[in-house]
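Me: Please take a close look at one part of the structure shown below, and then connect what you find there with the rest of the chain. I am new to this, so please go step by step.

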Amino acid sequence: MNLYPVIMCGGAGTRLWPASRPSRPKQFIPLSGNRSLFQETVLRVAPLADTGGRLIVVGGVAHREAILAQLAELGVTAQILLEPEARDSAAAMAVAAAWTVRRDPNGVNIFVASDHHIPDYQAFRTAAERAAEAAQAGLIVTLGVTPTEPSSAYGYIAAEGEGLSAVKAFVEKPDRDTAERYIADGYLWNSGNFIVSAATLLGELQSAAPAVEAAAREALPDEGDGDLAVLGAAFRSAPKISIDYAVMEKTKRASVLAVDFEWSDLGAWDAVAATGEGDLGSFVFEDAEGCMARAPEGMVVAAIGVRNLAIIAERDAVLVCDLSRSQDVKKVVERLKLSSPQHLDFARLAPESLLDGGARFTRWLNMRALPIWSALGQSADGAFAELLGLDGRQVESQRRARVQARQVQVFADAGRMGWHGPWREVVQSGLARIEAAYLRPDGLMRTVLAADGSPLDETPMLYDQAFHLFALASAVQAGMEGEHEGRAKAVRDRLLADAPPTGGLIENGAYPFQSNCHMHLLEAALAWEIVSKDAGWSALSDRIVTLARQHFIDAEGGFLREFFAEDWSPAAGDDGRLVEPGHQFEWAWLLARYGRARGDASAIDAARKLYAFGLRGVGPRRQVAVDAMDQDGAVLSRRARLWPQTEWLKASLILAELSDDGDRTGLLEQAAMAQRALWRYLTDDGLWRDKLLENGQFIDEPAPASSFYHIMAAWTQLQATSERLGFERQPALRFR
């Protein structure tokens with residue numbers, strides 16, 4: 001018999017506020033001892049898989065980093081299945097069971113909560129193994145704990161007999177008088193642990209809650225996806241229902257095994273205090289009895305002449321409550337949701353690391369990157385350098401049109417956002433350089449100049465025209481005077497006049513039918529929609545989005561292809577299978593913007609699917625977005641350039657704005673991870689490295705100016721999200 005213990009990492013632990021927050025729920029913080037409850041659970045149940053099974057962890061994408069880090073501290077490996085959003089216990093258990101059945105049709109799952117306190121590991125394992133034998137025969141066994149007191153904090157189970165027996169009834173949490181009667185009648189505490197064969201559970205779900213079972217199977221990651229996988233978008237469609245309501249109240253297979261080991265769900269501060277190990281940090285008690293105190297590093301809690309108090313101090317909130325009223329903390333949390341949500345969880349709006357990193361990001365741009373690139377990265381004639389060595393010297397090279405336009409856009413956005421440096425002079429001279437050296441007689445940009453400024457390639461790449469349009473829109477948005485809109489309309493109309501009637505525009509060069517140039521043209525059109533009343537820009541945006549949804553994005557897989565045949569079907573061979581995580585995120589960001597502007601929920605849903613597929617390209621160990629995958633999610637190139645990290649950050653932020661609180665927390669955690677990934681590339685003096693190899697080393701090369709566009713776009717999205725969501729310490733994220 002192969003056992004597959006499953007650790008369920010759901011639950012917010014609201015009664016343990018302010019230590020437990022949506023961003024760091026109680027299972028991931030030390031509450032009783034030095035390890036987290038999740039780590040204690042791992043040590044308790046992992047040996048059960050030694051028979052040939054596998055430890056499985058089901059958690060939310062928001063807690064990916066905590067799960068990985070805490071498993072690594074223990075030296076334990078597991079199959080990690082991450083939910084794109086919480087759908088309650090039935091869906092989470094169904095996914096784990098479906099994964100188990102695919103690997104082992106006869107496997108038995110041991111479902112345990114990640115936040116329970118069971119100090120006797122061996123007693124638990126002995127009970128679980130006995131229950132597993134019954135599960136092999138088709139029973140669904142739950143562990144019923146012999147009560148030690150009449151608690152109103154737990155549900156109860158009425159058993160038909162003693163030991164292992166059928167369940168007579170499950171009952172909800174009672175009041176104290178009813179709890180006393182239950183204990184007198186021999187009821188057991190419902191521990192919420194379930195032992196059942198994976199096939200049996202799926203069969204019961206198929207009968208009682210078929211939509212849950214179907215969504216779980218469809219959301220299952222592909223075989224070979226590795227130790228960590230984000231569940232597919234189908235998981236979001238699973239009905240939000242607990243396993244109790246979905247199965248246990250309906251099934252005829254329910255059994256209970258009575259156990260008498262010490263158990264607590266540590267659901268409130270009185271339960272934590274009862275373990276005797278709940279104190280944390282520095283505190284001084286003087287004539288204080290029966291009290292528990294927790295303080296963060298750098299803070300001291302003192303209590304004099306008090307009895308039976310929980311004193312819980314955090315960086316941004318303090319709770320003082322009578323231990324006998326611990327269950328009422330939930331009432332405070334509910335009030336905070338209505339009156340002061342920012343004090344419920346500073347990460348409910350933004351993780352602390354995202355805020356602190358954002359403030360650092362702002363200082364880096366303001367004091368390092370923008371000054372050095374305006375001073376050393378532009379010549380007197382307005383020409384921008386393609387490359388700056390890490391010593392700050394310009395590296396002689398050819399000069400592409402797209403870089404000239406991108407740098408104009410960067411400094412125009414810097415000025416619009418309040419940078420006090422010489423942005424206006426930089427933008428004016430940059431635009432003048434485009435007009436004097438890059439524009440052909442027909443008004444389109446030639447592709448590249450030689451180092452001496454002479455034309456080197458006259459080809460008018462669609463990609464370059466898109467950035468010319470974007471630069472002009474950014475100049476207008478920054479308040480620059482000039483004939484910018486007239487020039488932009490002329491370029492747009494010329495591009496459309498040369499376009500075939502199929503809806504797509506044709507790129508010059510080796511890959512005429514591609515999505516990338518359309519992506520930047522959409523970005524330019526959306527920028528012009530903000531500053532122009534010309535309906536032609538909206539029509540261009542609509543045209544590109546229609547093409548993307550009909551041809552670029554695979555309807556079934558939810559991913560975006562790069563290259564196409566003339567009829568916009570996927571290109572033959574490897575070109576048609578190529579998927580770039582960075583472009584998944586970048587298109588997700590654009591479609592989210594478009595969907596919000598149009599009130600188009602389906603566009604936003606497409607953005608979410610692209611984002612979810614892009615996450616497959618974020619390695620669980622290095623936690624950076626790699627360069628390339630195929631349409632099955634298999635990594636083709638483990639090199640990781642700078643720009644995909646910025647697109648991951650942008651997409652996380654804008655989708656957080658468009659999500660409810662549960663998903664928002666996870667997306668903001670993803671944004672914090674993306675921001676940390678980006679910081680690996682940035683140097684302290686305002687430059688950056690571009691290519692991170694699989695061995696963790698960067699290629700030793702100059703900083704490419706082309707990356708600045710991506711960096712600035714990530715920062716401006718952080719500003720926009722901070723304003724829309726009202727992040728705390730928001731002024732620290734601004735130039736002014």
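Reply:
**Where two helices meet**

The part to look at closely is a contact in which Ala401, Arg402, Ala405, Arg406, Val408, Gln409, Ala412, Asp413 and Arg416 of helix 14 meet Tyr463, Asp464, Phe467, His468, Phe470, Ala471, Ser474, Ala475 and Gln477 of helix 16. Before reading further into it, please keep in mind that this model is predicted.

When you follow the names on the helix 14 side, you will see steps such as Ala401 to Ala405 and Val408 to Ala412. An α-helix has 3.6 residues a turn, so residues three or four places apart point the same way.

The axes of helix 14 (residues 401–416) and helix 16 lie 8 Å apart, and the two helices pack at an angle of about 20°. Because angles under 35 degrees count as roughly parallel, helix 14 is roughly parallel to helix 16. The crossing of these two helices is left-handed.

How far can the prediction be trusted here? Helix 16, which spans residues 462–477, has the highest confidence in the chain, with a mean pLDDT of 98, whereas helix 12 (residues 346–349) has the lowest, at a mean of 42. Where pLDDT is low, the predicted coordinates should not be read in detail. Over the chain, the mean pLDDT is 90, and 95% of the residues reach 70 or more.

Another pair of helices shows a contrasting arrangement. Helix 22 (residues 601–614) and helix 23 (residues 643–657) have axes that come within 11 Å and cross at roughly 140°.

Most residues other than glycine have a negative phi, and most peptide bonds are trans. Aspartate 88, in helix 3 (residues 88–103), has a positive phi of about 75° and is partly exposed, with a relative accessible area of 37%. Aspartate 287, in the loop between strand 11 (282–286) and strand 12 (292–294), has a phi near 55° and is likewise partly exposed, at 48%. As for the peptide bonds, a cis one joins tryptophan 17 and proline 18, with omega about 10°, and proline 18 lies in the loop between strand 1 (3–8) and helix 1 (37–45).

Finally, consider the cysteines. A search of the whole structure finds 0 disulfides. For cysteine 321, the reason is distance: its sulfur is 11 Å from the closest cysteine sulfur, that of cysteine 291, which is too far for a bond because a disulfide needs the two sulfur atoms within 2.5 Å. Cysteine 321 counts as buried, at 11% relative accessibility, and cysteine 517 counts as buried too, at 0%.

Methods
Residues numbered from 1 in each chain as written. Predicted model: local features only at pLDDT ≥ 70, side-chain atom pairs only at ≥ 80, totals over all residues. Heavy atoms only, no water. Buried < 20%, exposed > 50% of the residue type's maximum accessible area, 1.4 Å probe, protein only. pLDDT = per-residue confidence, 0-100. Helix = DSSP H or I, 4+ residues; strand = E, 2+ residues; numbered from the N terminus. Axes fitted to C-alpha atoms, helices over the stretch in contact; angles between N-to-C directions. Parallel < 35°, antiparallel > 145°, perpendicular 65-115°, else oblique. Left-handed = near helix turned anticlockwise from the far one by under 90°. Contact = heavy atoms within 4.5 Å.
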